[in-house]
Amino acid sequence: MVSKQELRQTLWPDVHVSERNLTNLIASLRKILGHDAIRTVSKYGYRLELPVSGEPGVGRGTYEKFIRARELTTQRSLESMLLARDLYWACLAENPSFAPAWAWLGRVCWFLDKFTHSSSVVRELAEAAFQRAFVLDPDLTSAHQFYTLLQVDLGRADEAMRRLFERLERHPTEPESFASLVQVLRFCGLLQESVAAHRRAVELDPAVTTSVAHTFFLAGQYKTAIEAYSGRAGYYLDAAAWAALGDRKQALALLRERLDEASFSKLITALMASLLAILEGKADQAKRIMDEADTSREPEILIYFARHYSHMGLLDSSIKAIRGAARSGFICAPHTLKSDPWLLPLRKHRGFGPLLRDADTLVEKARSSFAPEKLPALKWSDY
């Protein structure tokens, strides 16, 4: 992705030229490379879209397996991830020095560890795969992007934040680093900053994908969260947003359809099924589902469970979930605690004051490590 401004500054640094000059050059390039090789991105610039069929030093057959594995990884189902893992191993058996394959293998192994709760060997393999990728290519974008997922889920969001800001010192226009910061900053309770990171990522690459929908949800901007969540394979967030907006019928329809037609991990199924049970008036069933769920590798889900518990009046369980999330590395933003409608019963509990004070302390500690000059200014009114 290259902006029109950057192209003009590079081609004509000291001369003012009309928009037509650039348009004519792009037209000439398309005649040489093919009409579909360069895509116009409205109001921004151009993206070179020639298909990548290989990398230097990587056999064609190996790279074809790698591309297929990446396609499977983006589907994010357990079945597709297992198939992708085997393909990455095949790539590495053919070329052990193929750094991107190590990075994507780490991504898949961490996903499988989170959602299948298999042996600790899988987690160790994920860490080892990332470290191998860094040894082969310390500057590999995908390795830095995917390693962030592991760090935040293991309670090391502060480490991830420092690493990403150090990377931005070297690559100040890398959209993937800003996209990773969206999640990191949310885990630190910095919702405004998380949205700002998303906006910067989109400025650099309008096609970039971030987790900002979850940030909007925690900020209480449920309609915006639904809009940001659309266009992908959904499971929980938009249904929860509709429920928060009071549209029980829409939330029920989404949950029932997805649970009937798709296969999810045990934890995601528990998240969806517990919300469905609440909306159907089956509080005992919802409590049992949440109490039995293993959230040890997904602290953010504890916040959603806390909302469920609070909505059902199980306030001690709600506080326990929020404090458990904080111990595991996810700080529930004070704004969420004070404004989420499903946490209203919790705000009347005797333990809410200390909970809010502790959250404020943790967020301020995280903010002290933050580099605001890297992100555009953002106010709550911008939501």
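View 1. Helices here are DSSP runs (H or I, at least four residues), numbered from the N terminus. This is a predicted model, in which local features need pLDDT of at least 70 and side-chain atom pairs count only at pLDDT 80 or more, while totals for chains, interfaces and linings use all residues. Residues are numbered from 1 along each chain as its sequence is written, and side-chain values use heavy atoms, with hydrogens and water left out.

**View 2. The length and the end of H9.** Helix H9 (residues 175–187) reaches 19 Å from its first C-alpha to its last, close to the 18 Å expected, where the expected span is 1.5 Å times one less than the number of residues. After H9 comes Gly189, which has a positive phi near 80°.

**View 3. The packing of H15 and H17.** Helix H15 (residues 266–279) packs with H17 at an angle of about 20°, and their axes, which are lines fitted to C-alpha atoms over the stretch in contact, lie 11 Å apart. That angle makes H15 roughly parallel to H17 (angles under 35 degrees count as such). The contact (heavy atoms within 4.5 Å) involves residues including Leu271 and Leu275 of H15 and Tyr304 and Phe305 of H17.

How values were computed. Helix = DSSP H or I, 4+ residues; strand = E, 2+ residues; numbered from the N terminus. Axes fitted to C-alpha atoms, helices over the stretch in contact; angles between N-to-C directions. Parallel < 35°, antiparallel > 145°, perpendicular 65-115°, else oblique.
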